[in-house]
Protein chains: 2
Amino acid sequence: MEARHLRYALAVAEHQHFGRAAASLGIAQPSLSRQIADLEREVGERLFDRTPAGVFPTAAGAAFLAPARRALCEMASAVAEAGRAARGETGRLRLGFIGSALLRFLPSVLTPFRRDHPGVRLELREMSTARGSAALLGGELDLVIGRGAPRGPGAEHLVSVTVGRDDLVAVVGKGHPYAGLRTVTAAQLARQHLIVASADDEPAVRAGLRALLGADASVLDTATEARDLRTIIGLAGCGVGVGLGPSGMRAAGRSDTWFCAVTPRTPLPDLVMSYRADDRSPVLAAFLAEARRRGDDLPG
Amino acid sequence: MEARHLRYALAVAEHQHFGRAAASLGIAQPSLSRQIADLEREVGERLFDRTPAGVFPTAAGAAFLAPARRALCEMASAVAEAGRAARGETGRLRLGFIGSALLRFLPSVLTPFRRDHPGVRLELREMSTARGSAALLGGELDLVIGRGAPRGPGAEHLVSVTVGRDDLVAVVGKGHPYAGLRTVTAAQLARQHLIVASADDEPAVRAGLRALLGADASVLDTATEARDLRTIIGLAGCGVGVGLGPSGMRAAGRSDTWFCAVTPRTPLPDLVMSYRADDRSPVLAAFLAEARRRGDDLPG
DNA sequence: CACCCGCGATACCTCACAGCTATGGGCCCC
DNA sequence: GGGGCCCATAGCTGTGAGGTATCGCGGGTG
């Protein structure tokens, strides 16, 4: 049994007339008669009563037509769904990102992407750069935004694109001696208790800090580690010490905090977007296209 | 696009290998390659990634396969549903009947029919013989059980089968003078206030009563008319008068009522089952078969 | 590095069958 | 009783599904 048989049966049911049904299908009446006869033979039941008053479905015919209609409908939607999926209008995007991406990059991309691709299920998970690249290689994520391009085994199967740059800034509570300063030096930082991102989570950030502090880098061994920017800001705000983070962090400042630039100007590892090189997902492609469009106005 | 294309695509997805998929379909590999290529051209999207590691659905392919599976499923169920409908296992039977059929005929037919045809929706409506045959001719019912074969315009399009016979019996309250009598005569009835079925509803019954009462038939003009047997029994039970109805009515007797046979023995019009002669519904056929099987043990 | 092997694509043939025209047969209506 | 409408049947034709043979490519191996 082929879809053709269903289409023909539905046409006969609709027109209640073989001749007109055949005309509507663009075929000759005998061809239609034959196909319906074949269908009835295959189903094993007479599907239509040919009466002088017209052609009407039998009980079996009526029971046949309902699922037949649904079957053709499903076939049409199979094509439609394939097209939508290929255009990236439906599907799923599993995105892992570090907190600073929420301040700097994601808002300008996610908003238009959501608007243009309402059928896509976005699964957003905040996580460290290290966990993110592992999950990406493990196939649990489709896209990762972290700090510094992924390294290590498997990284050659990934493509990485820089989507943002940040300088290091310090954050202190309003009562701290540095509050009010426009800049602080590496030497000034080394004399304070520091609050920094976890070395395991953000190895590239930690390496940058070590380079900045030079001989004083050992202070990092006793620094307070926090797993996200809000915690760094919060701890600094209540006087625990001097928080260090990306300049994008300024956007998350509160009334009890003060931000200082760091001299010498210290660029953090790039904010990098990574995905599997062999990933042909149209949703991913659509997201990348949007990111490229929005990424142009980022600081280069 | 034909069902064949869907079957082939599903086979490729299942085996992740053109050669094995073709073998499972009983065709050669190049034929399968060609059909898949045709399908992809028609859908307008590549549905499978041919990699050295195997053949995997693209995003579009995955989106296509789900409704494709449903479509084939619907096609299979179309055949299955047609078969069930043709065997009378599914469908609808709209049955109109008079109250006495519930006492005499329907219980022995409905119980096994329900058991053997659980998928059939039975629409049972108690109604008078007159309304029943009108509804049958109007196409609002498929089967009617009434008293006396339908007459009048259109009746020649109906087939009627006798399914039960009743003699006329009288019913009185326990306090009535006739209570305790085995039989009452026509003359005795004529001296009492009578409770009978409505002349409009059951003309055949009324004609029988007139014949029985002969010259005294005028007492019927002032008789109480009731529209169903339970009402006749109830009114007689509380002393309103002498109820008249079919002998099957005895089964609905209560502790406050007494039944008398009528002499001379007065057969009521037959309990008759009617349906449209041109009705080819398998459900109807199945019901008629059941009725024939159970009808044999009826009083003839 | 060259060779081989496995797999999908391509080329070309062939035959089955979907569709066509012509015609038959049943039923209703005039 | 004759004519017309409608579906079924008969026989022919061309398209395309399926077949065989072969190519091209990528990956593993001696």
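**Pockets and the DNA surface**

Author: The lining of the largest pocket divides into twelve nonpolar, six polar and ten charged residues. Please note that this is a predicted model.

Reader: Which element gives the most to that lining of the largest pocket?

Author: β3(B) does, with five residues. Elements that supply at least two residues each include β1 (48–51) and β2 (54–57) of chain A and α11 (282–295) of chain B.

Reader: And how much space lies in the largest pocket?

Author: About 680 Å³. Of its 28 lining residues, those closest to the centre are Pro57(A), Thr58(A), Ala59(A), Arg280(B) and Ser281(B).

Reader: What volume has the second largest pocket, and which residues are closest to its centre?

Author: Its volume is about 480 Å³. Among the 15 residues lining it, Arg280(A), Ser281(A), Asp49(B), Pro57(B) and Thr58(B) are closest to the centre. The lining comprises six nonpolar, two polar and seven charged residues, and α4(B) contributes the largest share, three residues.

Reader: Turning to DNA strand D: which residues come nearest?

Author: Of the 18 residues around DNA strand D, the nearest are Ser33(A), Arg50(A), Tyr8(B), Ala28(B) and Ser31(B).

Reader: What lies 2.8 Å from a phosphate oxygen of DNA strand D?

Author: A polar side-chain atom of Ser33(A).

Reader: Which element gives the largest share of the surface near DNA strand D?

Author: That is α3(B), with four residues. By residue class, the surface near DNA strand D has eight nonpolar, seven polar and three charged residues.

Terms used
Residues are numbered from 1 along each chain as its sequence is written. Chains are lettered from A and ligands numbered from 1 in the order in which they are written. This is a predicted model: local features need pLDDT of at least 70, side-chain atom pairs count only at pLDDT 80 or more; totals for chains, interfaces and linings use all residues. Side-chain values use heavy atoms; hydrogens and water are left out. A residue is near a molecule or strand if one of its heavy atoms lies within 4 Å of it. A polar contact is a pair of N or O atoms within 3.5 Å; within protein, one must be able to donate a hydrogen and the other to accept it, and residues adjacent in sequence count only if both atoms are side-chain atoms. Ala, Val, Leu, Ile, Met, Phe, Trp, Tyr, Cys and Pro count as nonpolar, Asp, Glu, Lys and Arg as charged, and the others, Gly among them, as polar. On a 1 Å grid over the protein atoms alone, a cavity is a set of points where a 1.4 Å probe fits but cannot get out, and a pocket is an open set with protein on both sides within 12 Å along at least five of seven lines; lining residues have an atom within 4 Å of a point. Grid points are joined across faces, edges and corners, and a volume is the space filled by probe spheres set on the points.
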